[in-house]
Amino acid sequence: NTQSGATARFSLQDKPWGTAIRVRLSHVPVGTHCQLVTVDRGGRRQTIGSWQADYEGSAQINAASDLPQPQLASLEIVTSQGARLVSVKP
């Protein structure tokens, strides 16, 4: 939860190839173009999903990262303009 008012619930699951990530996002302005970004321990950023918030200002996203959970430093949801909506440390 950040100053944006957006809230998100993250669910991570270890997989042989990395990490499966499920996100439930709420309280986002309707029509906002969002991106799910992973940040590894070295600071490398990777966009692993993008979508547009629905008419209720919410979204449910299933994504995947090739990073194992211990290598994930943070997960971020940002707008297409780069404004951070939510940032969490897994």
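Which residue in S2 is the bridge partner of Thr 7?

A: Ser 26 in S2 is the bridge partner of Thr 7. Some ground rules come before the rest. The model is predicted, so local features need pLDDT of at least 70, side-chain atom pairs need pLDDT 80 or more, and totals for chains, interfaces and linings use all residues. Numbering runs from 1 along each chain as its sequence is written, and side-chain values use heavy atoms, without hydrogens or water.

Start with S1 and S2. Strands here are DSSP runs of E, at least two residues long, numbered from the N terminus. S1 covers residues 7-15 and pairs antiparallel with S2 over nine bridges. Pairing takes at least two DSSP bridges between two strands. Two residues join S1 to S2 in a hairpin. S2 spans 18-26. S2 also pairs with S5, again antiparallel, through seven bridges. Within that pairing, Arg 22 faces Asn 62 of S5.

Ser 65 belongs to S5, which covers residues 59-65. Its relative accessibility is 2%, so Ser 65 counts as buried. The cut-offs are under 20% relative accessible area for buried, over 50% for exposed, and partly exposed in between (1.4 Å probe, protein chains only). A polar atom of the Ser 65 side chain lies 3.0 Å from the backbone nitrogen of Leu 67. Leaving out residues up to four places away in sequence, Ser 65 touches Trp 17, Gly 18, Thr 19, Ile 21, Thr 38, Ile 48 and Leu 72. Contact means heavy atoms within 4.5 Å.

Now the open sheet. Four strands make it up, in the order S4-S3-S6-S7, with antiparallel pairing. S4 and S7 (84-88) stand at the edges with a single partner strand each, so one side of each has no neighbour in the sheet. From one strand to the next, the twist averages 20°. Axes for that angle are lines fitted to C-alpha atoms, and angles run from 0 to 180 degrees between N-to-C directions.

Take the S3 and S4 pair next. S3 covers residues 33-40, and seven bridges join S3 to S4. Leu 36 sits opposite Gly 49 of S4. The two strands form a hairpin with four residues between them. Gly 43 in that turn has a positive phi of about 90°. At the other end of the order, S6 and S7 pair over four bridges, also antiparallel. There Leu 75 stands opposite Val 88 in S7.

Charged side chains come next. Three salt bridges turn up across the whole structure. A salt bridge needs a side-chain nitrogen of Lys or Arg within 4 Å of a carboxyl oxygen of Asp or Glu. Asp 40 and Arg 44 form one of them, with the closest N and O atoms 3.3 Å apart. Asp 40 is buried at 14% relative accessibility. Arg 44 is partly exposed at 43%. Arg 44 lies in the loop between S3 and S4. Neighbours within four places aside, Arg 44 contacts Thr 38, Val 39, Asp 66 and Leu 67. Its C-alpha atom is 28 Å from that of Gly 31, 13 residues away along the chain.

Glu 76 and Arg 45 form another salt bridge, at 2.8 Å from N to O. This pair links distant parts of the chain: Glu 76 is in S6 (residues 72-79), Arg 45 is in S4 (residues 45-52), and 31 residues separate them. Glu 76 is buried at 5% relative accessibility, whereas Arg 45 is partly exposed at 46%. Glu 76 also bridges to Arg 84, with the closest N and O atoms 3.4 Å apart.

Finally, the interior. In soluble globular proteins, nonpolar side chains tend to be buried together. The largest nonpolar core here has 19 residues. Such a core is a set of buried Ala, Val, Leu, Ile, Met, Phe, Trp, Tyr and Cys residues joined through side-chain atoms within 4.5 Å. Those with the most contacts inside the core are Leu 25, Val 28, Cys 34, Leu 36, Trp 51, Ile 77 and Leu 85. S2, S3, S4, S5, S6 and S7 each supply at least two core residues. Beyond its sequence neighbours within four places, Leu 25 has contacts that include Ala 6, Thr 7, Cys 34, Trp 51, Ile 77 and Val 86.

Definitions and conventions: A polar contact is a pair of N or O atoms within 3.5 Å; within protein, one must be able to donate a hydrogen and the other to accept it, and residues adjacent in sequence count only if both atoms are side-chain atoms.
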